[in-house]
Amino acid sequence: MSNGHVAPGANPSISIAHRCRGLPTHHHHRPPPASAAAAAAASPATTAPEMPHPSLLRRLLTRRRVVLACAAVTVLAAAAALLLAAPTTEVPGRALLVAGARLHPRPRAAAAGRSPDDAPSPSLPPPPPLNAKVRLPSKISPAPSMFSAPVPSPVENFDDGSTEEPEHPDMKENPLKESAPFLQEPISSGPPTRRSDVSEDLDESGNAEPPSRPEMPLWSTKADEELIYAKKEIADAPLVVGDPDLYAPLFRNISVFRRSYELMERLLKVFIYHDGAKPIFHSPELKGIYASEGWFMKLMEADQNFVVRDPNRAHLFYLPYSARQLEHNLYVPGSNTLDPLSIFMKNYIDMISAKFPYWNRTKGADHFFVACHDWGPYTTKLHDELRKNTIKALCNADVSEGVFIRGRDVSLPETYLKSARRPVRDIGGKPAAERSILAFFAGQMHGRVRPVLVKYWGGKDADMRIYTRIPRQITRRMNYAKHMKSSKYCICPMGYEVNSPRIVEAIYYECVPVIIADNFVLPFDDALDWTAFSVVVAEKDVPRLKEILLAIPESRYITMRSNVKKVQRHFLWHTKPVKYDIFHMILHSVWFSRVNQVHQVEQ
């Protein structure tokens, strides 16, 4: 440098550092003096004061630059310290948001004296913002325990053979008190709800309309015109008398149901999204208490009557994911939050809505999914259109939680299946005259109703066989299934959620179900009249349970028990679906919901 600040070959940073610490600097060459012309230009032409010596000016200028340099170094050092000390924030479910990352939680440190903080963290790119559209990974890495240690069947856990809803211990009381406060708004309680009439939804001024209205579609399709046509045809359904295939007392309006079913068989087209990797997508679970969602997925994806490859022809769009697999692969034990599941579903809907135009056309009103896991409703909480507009077929059909929308959503029967190869086996029971037990229940103390039931009736009345667990001396001669097959009434109280597999179990064993679950929308309530083959008891009336059952005339009981046997066909799974079976009943409920909503969207 020739300006006189730092000599050639000298290190300027060392020179500045020395000056900042007050140490002397050593220049090997003196700076050249300023020219006389420059000095003359720097002073005014009039009254020129006496100028300081040039060497003094050079020292002043040098010190000023050193002061400025010191200040700059101090500012940079302070900024670096702040950046290093700032805590790093991680987006909830970060591993789910990063493309190509593993979808199960970060592995914990080994137990040999290491804390989770000591565990090596994977090298992941920085997480995207929460509102960003994130590309889903093409392959999902299952949790380490996914297939190596399968969960035993609920029946294997109990000598009495009863079915129970397995729950995570840390989520038992209420999985959403912290993670979803919007679901905690108080709603008036009441007994299980039924529609007053199926055709009520077809009346535009009826009270059964859902409270929210989807926006108009971005464009109309031929499928829209067919839905409007179907709605008019159902409203003008001809009177049905003496149908040999359908038993009229089981239905709210057999004429409406048969015409709607006929139009479904003739018109309905369903498009299935192929996006989404296994095991969460396209991986049906065919055994256990969540088998309903698995069997529907299996049969829907194999169907050749309703499924189409051209989405422009579709009336409905099926989202083929499993709520059970969501819980098994994405829930972090001990976290007490369902956010990873909800984030995953939000990202999935964001992905298909960006990739395809069909979701955006109706904002999801013509899309549906089928979920039997208790947490199925709660996985929709982060995507408003998924939660409010989509047709949700749910086992957990609780209208008090603000997720299940009566009149749009579908109450899915919870079926407990022991065999994937033979879904229909060991059904039936003793004739009405040979059923010696008035009422029967055995099971764990889940939820708010069962402890009250056992408190008033457990081991206190020979006619009321109410157990937390059937004693071994009794199971040796009469197990759980035999009790149901020998009882007049099978008590079906809610567990942690309103739904229970005991309702369908009772129908399989031809035992009249007694349903105790306030705010529960009964399965297929758009078509079936549950008063014909079941008894509904309000939770507050549990102390009067025996009085209520004994007040039912014997002739009425015989009729209900006969109707249970007749309605059984509508709750049976078959490896190849048959007309009016549970697969077709679920699909019809989804179809009927879409037909009922079409005036809110297209008209």
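Which hand does the crossing of α8 and α9 have, right or left? The crossing of these two helices is right-handed, where a crossing is called left-handed if the near helix is turned anticlockwise from the far one by less than a right angle, and right-handed if it is turned clockwise.

The structure is a predicted model, in which local features need pLDDT of at least 70 and side-chain atom pairs count only at pLDDT 80 or more, while totals for chains, interfaces and linings use all residues. Residues are numbered from 1 along each chain as its sequence is written, and side-chain values use heavy atoms, with hydrogens and water left out.

The secondary structure of the protein chain comprises 18 helices and ten strands, helices (H or I, at least four residues) and strands (E, at least two) being DSSP runs numbered from the N terminus. Of the 603 residues in the chain, 52% are buried, a term that stands for under 20% relative accessible area, with exposed meaning over 50% and partly exposed the range in between (1.4 Å probe, protein chains only). Contact means heavy atoms within 4.5 Å, and among contacts between residues at least 6 apart in sequence, 74% join residues at least 24 apart.

Two packed helices are described by the angle between their axes and the distance between the axes. Here the axes are lines fitted to C-alpha atoms, for helices over the stretch in contact, and angles run from 0 to 180 degrees between N-to-C directions. Helix α8 (residues 323–330) and helix α9 (residues 339–355) pack with their axes 9 Å apart and at an angle of about 125°, and the two helices are therefore oblique to each other. In this classification, angles under 35 degrees count as roughly parallel, over 145 as roughly antiparallel, 65 to 115 as roughly perpendicular and the rest as oblique. From α8, the residues Leu 326, Glu 327 and Leu 330 meet Pro 340, Leu 341, Phe 344 and Met 345 of α9. The residues of this contact divide into six nonpolar, no polar and one charged, where Ala, Val, Leu, Ile, Met, Phe, Trp, Tyr, Cys and Pro count as nonpolar, Asp, Glu, Lys and Arg as charged, and the others, Gly among them, as polar.

Met 345, placed in helix α9, is buried, with a relative accessible area of 0%. Leaving aside neighbours within four places in sequence, Met 345 is in contact with Tyr 321, Leu 326, Thr 379 and Leu 386. Met 345 and Tyr 321 are 24 residues apart in sequence, and their C-alpha atoms are 9.5 Å apart in space.

Nine of the twelve residues of α7 are buried, so that the helix is mostly covered, and among the buried residues are Trp 295, Phe 296 and Met 297.

Some backbone features concern the loops. Most residues other than glycine have a negative phi, and most peptide bonds are trans. A cis peptide bond, with omega about 5°, joins Lys 278 and Pro 279, and Pro 279 lies in the loop between β1 (270–272) and α7. Lys 363, in the loop between α10 (358–362) and β3 (367–371), has a positive phi near 55° and counts as partly exposed at 27% relative accessibility. Glu 510, in the loop between α15 (502–508) and β9 (512–516), has a positive phi near 60° but counts as buried at 6% relative accessibility. Not counting residues up to four places away in sequence, Glu 510 touches Gly 428, Gly 429, Arg 435, Arg 561, Val 564, Lys 565 and Gln 568.
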